[in-house]
Amino acid sequence: MLKWKVALKRVADLSGFTLAKCQKESEFILEIIQWVDLKMINQTPLSVAKYPIGIESRIQDIYQHLSIGNNDIISIVGIFGTGGIGKTTISKDIYNQISSQFEGSCFLEEVRETSKQSGGLIKLQNTLLYDILGTSMDVHDKNRGINVIWDRLHSKRILLILDDVDELVQLENLVGDHDWFGSGSRIIITTRDQHLLEVFEVDSKYEVMILDDNEALQLFSLHAFKEKEPQKDFMDISKQVTKYAQGLPLALTVLGSDLKSQSIQQWKSAMDKYKNIPHGDIQKVLLVSFAGLHDADKEIFLDIAFFFKGESLKNVTKIFDSCGFYPNHGIERLKDKCLITIEGHNKRVGMHDLLQAMGREIVRRESPKKPSKRSRLWNHEDIRKVLQDSTGLNKIEGILLDLPEGDEVISLHLEAFRNMESLRVFINRNARFSCAPNYLSNKLRVLDWNNYPSPYLPPNFQGKNLIILRMRHSLINELGDRFKPKNLTIMKFENCEFLEKIPDLSSLSNLKELAVQFCTRLVEVHDTVGALENLSMLDFFHCSKLRILPRSLNLRSLCYLGLQDCPSIRFLPEIECKIESLIELNLRDTAIEELPLSIGNLVGLESLYLRGCKNLMRLPIACIRLQHLRWLEIGGNCPDLVQTMMDDGLSLMAIESTKMEEEISLREERIHEFASPTNSSNVSIGLQLLNLQNCFLSETNFFPISSLFTMFNSSASLCHLYLSSTYIVCLLTSIKDIMSLESLSLSYCCKLEEIPELLPNITEVDVRGCKSVEIFREVLKILQRNGSHIRSLRRTDLDRCYKTLENIWNDRVQNPLLWKGVYEYDATLFPESQIPEWLSYFHKFLKDKGMVKGPDNYVRPRGEEDWVINIEGPHNLEEINGIVLCITIFFKDALVDGTIDHTNAKITSKRSDHVCRIEGVQLVNKGWYRKGNRTGQAVWVGYSNLKSFKLPVLDDLRVQFDLHCKGMVRFYKSCRAKVVYKNETIS
């Protein structure tokens, strides 16, 4: 009916034809016939893909950008993406679907290719005018064509699609501006160049993304088998092909057609070939984007394709800058042309695998028969031949070596690198060499050598241009006096077991990252390391013998300092200057006895990790100055800390918390005595105290860790507090004063007996292994709900909290499975033999309640979409507190991190369009390992007062549960809902 109305309206709007006085009727009739023929041709659909998989969903997204229903605007929308992604196919389908809704329409194909021809832009202008107007305007000059387009189309509502645009001049001559066309017009531009759309200032942009795995497999199968799924014998290799194509429709179409009707062996042979030499039809399309690049941009593209895919943006920018490639401009151009991506918060450089293969093929064609004459090498067979035969030439700029597993040692010729004067990049992922080279080029920017076979670098190598030095599993012992890489940015040693000392690095003024990990013989770090002004990352992870650090740190640019798992470290260097950039200090599992008073200079510190510091007994009062601290870890096998707290007699373990608070109060009074009366009143006491550098007696410079809550109770930033594996008996009520706290870990505090009222903003509490906890007030509130638990709480881990769990299942705390007056839906029950032995109280509970079913009437799990409960109305909101929902799950074969990944529920009611969405809190217990598997239970409880419906009386309620689990096999699941009336508890 709607199509009829549109058609009749268009007929009514058509203007008639006028016969001129001097015109013959036969000519007049011919004009009408030609006009009708053109209209009929324009109504003929454009040819679209044979199998349009994934197109419709993308078209629907683009419709949101087009706003078709709004005829008061003129909208220009850009569609961009890499070659072969489906831009043309999508735009053709859009044209077919909506062109009839406009007064005139035109699909201009191959704008890029046509405009390169002589008079190409004029040809495109004439095609545009003819398709829309139905008459030839015979334009001979592009400037006149611009005027004709505006004059004839500025009052018409038209649809114009320009496909494959690559230059601004094309848009300037064909589209110009919004006012070239009438109100309600839509212009769509497809391009590989996102930047072009930004320069032209389109109204909206849409990036076409690759097909997902299911779409890709379906498209490939239709071309290879004419079926939506591969034949059974071809399933595995079909998935290998789709993985190779990485969701690119062009590649899936070409490969599917190419492999059709061939044997599995032929498929395997073809795939081996394509991994080294890409299919010509795919290469041809992808090459278009590369061909239009500037020479320097081409070098950047090829380097990324060969060496730097996955590398951080800041590192490759530094490398390319040193090579004179102008990366700030070039990388942006590659990104705009959809040849690379910048991914994640770490900003790493990404590239589609087929574009990477294209880059490698471009270089292979430089010299198909002689690898030594190519600019870059990556094929391990080619590299082995060049290095063993010493045939490398000055042409080679980069080598990446990644051998197949089990490949033999490479017999390196000592002079193999002698003639490679232009070598900028050498990366060895896993190869082993018979010896080290005598020579390396000083033009190297990247030296990344796994299994370096010598204690020393080549005698000639000074590293003048080196940006990145990485050595892993290498015999390197010292760098040598001649090694002065003044441009070095990153230095990393990993598993270099003969490295004993980090030498004088004073000449490395540009060094930003120094990482020495798993170097088990490292003992000393030179003092000069503490004065590298550009150093942002300093990491000595798992250097078990490291004990001598720089005496002081004057590192204003430092962002991360890591000494984790360095058990010989007893003291942290003095912090000589204020360091605002340091975000994280990791001292886990060190022998640190105390932190320096100068720790207060780390004014920007957000994370402080002290877990497992077995000798730590106290913290400096300067910690008060850490006003940005968000994450604090203390505890975990700290016997000296525990003993100190016991000796204090006022620690976190003290049940008589009033005594502790009185003592802290006395200490605060002492602090006030030292405070200067002239200081501003809005400066914290701790800061006043620390400004008086010489006013402390040594014993007043530190506070016992027992005073932790009081010291941080005014913190506006502390979000995560880790106190696991300590001998806390109860938490002081002063923890409630840390208002910013979001997560609290008390796992394996085996003497903890009670958890008091929690903070209002808490989201997660971890009490795993707290086997003595009997009273957990928040759990009690959650399971005896009538509607007032902490709304922010989302998860509580009760793994191995035996007393708490036993209380729940023995009815000392209200068990959701025993709620009366509930609407319930048990979807899975199980035979008695499947009940975990460790859950004896649960076993007894189910037997007593008659809820165990035998093997004969075992119920299979239902699908997630079936978890719906209908509650009969009416429900007068004045009479009820709200509704409580509960899901109970028992699971087995769970991974260590197996949990309810995501749970919520939505409630709807008849005669209302409102959807009430509910998030709740999880109570999780993963239980014990049993025969290599973990079994456990999870309870999810949610609550709503239903006031969001904004109705006094609700009709029937429909509750739909949305549950997603990961890492577990469920063998019991129950969903329950209860409307709670006022003055009623769940009983």
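**Exercise 1. How many aromatic pairs does the count come to?** Then classify two of them.

Solution. The model is predicted.
- Step 1. The count comes to 19 aromatic pairs.
- Step 2. Take Phe320 and Phe325. Their centres are 6.1 Å apart, with 40° between the planes. Stacked needs planes under 30 degrees apart, and edge-to-face needs over 60. The pair is therefore tilted.
- Step 3. Check burial, for which the cut-off is under 20% relative accessible area. Phe320 has 0% relative accessibility, so Phe320 is buried. Phe325 has 10%, so Phe325 is buried as well.
- Step 4. Take Phe433 and Trp449. Here the centres are 5.2 Å apart and the planes make 65°, an edge-to-face pair.
- Step 5. Phe433 lies in the loop between strand E10 (425–428) and strand E11 (446–450), and Trp449 lies in strand E11, so the pair ties together parts 16 residues apart in sequence. Both Phe433 and Trp449 are buried.

**Exercise 2. Which residues have the most contacts inside the largest nonpolar core?** Then list the partners of one of them.

Solution. 
- Step 1. The largest nonpolar core has 116 residues. Leu447, Phe493, Leu514 and Phe540 have the most contacts inside this core.
- Step 2. Pick Leu514 and set aside neighbours within four places in sequence. Leu514 is then in contact with Met491, Ile502, Leu505, Val529, Leu535, Met537, Leu538, Asp539 and Phe540.
- Step 3. Look for a separate core. Another one, of 81 residues, lies apart; Ile237, Trp267, Ile340 and Met351 are among its members.

**Exercise 3. Where in the protein is confidence lowest, and where is it highest?** Then mark stretches to treat with caution.

Solution. 
- Step 1. Start with the whole protein. The mean pLDDT is 81, and 76% of residues reach 70 or more.
- Step 2. Confidence is lowest in helix H22 (residues 685–691), at a mean of 29. Strand E17 (residues 537–539) has the highest, at 98.
- Step 3. Residues 642–700 stay under 50, yet the model has 70 contacts for them beyond four places in sequence.
- Step 4. Residues 825–843 are also below 50, with 74 contacts beyond near neighbours in sequence.
- Step 5. Where pLDDT is low, predicted coordinates should not be read in detail.

Terms used
Residues are numbered from 1 along each chain as its sequence is written. This is a predicted model: local features need pLDDT of at least 70, side-chain atom pairs count only at pLDDT 80 or more; totals for chains, interfaces and linings use all residues. Side-chain values use heavy atoms; hydrogens and water are left out. A nonpolar core is a set of buried Ala, Val, Leu, Ile, Met, Phe, Trp, Tyr and Cys residues joined through side-chain atoms within 4.5 Å. Buried means under 20% relative accessible area, exposed over 50%, partly exposed in between (1.4 Å probe, protein chains only). Contact means heavy atoms within 4.5 Å. Rings of Phe, Tyr and Trp (its six-membered ring) pair if their centres lie within 6.5 Å; planes under 30 degrees apart count as stacked, over 60 as edge-to-face and the rest as tilted. Helices (H or I, at least four residues) and strands (E, at least two) are DSSP runs, numbered from the N terminus. pLDDT is the predictor's confidence in each residue, from 0 to 100.
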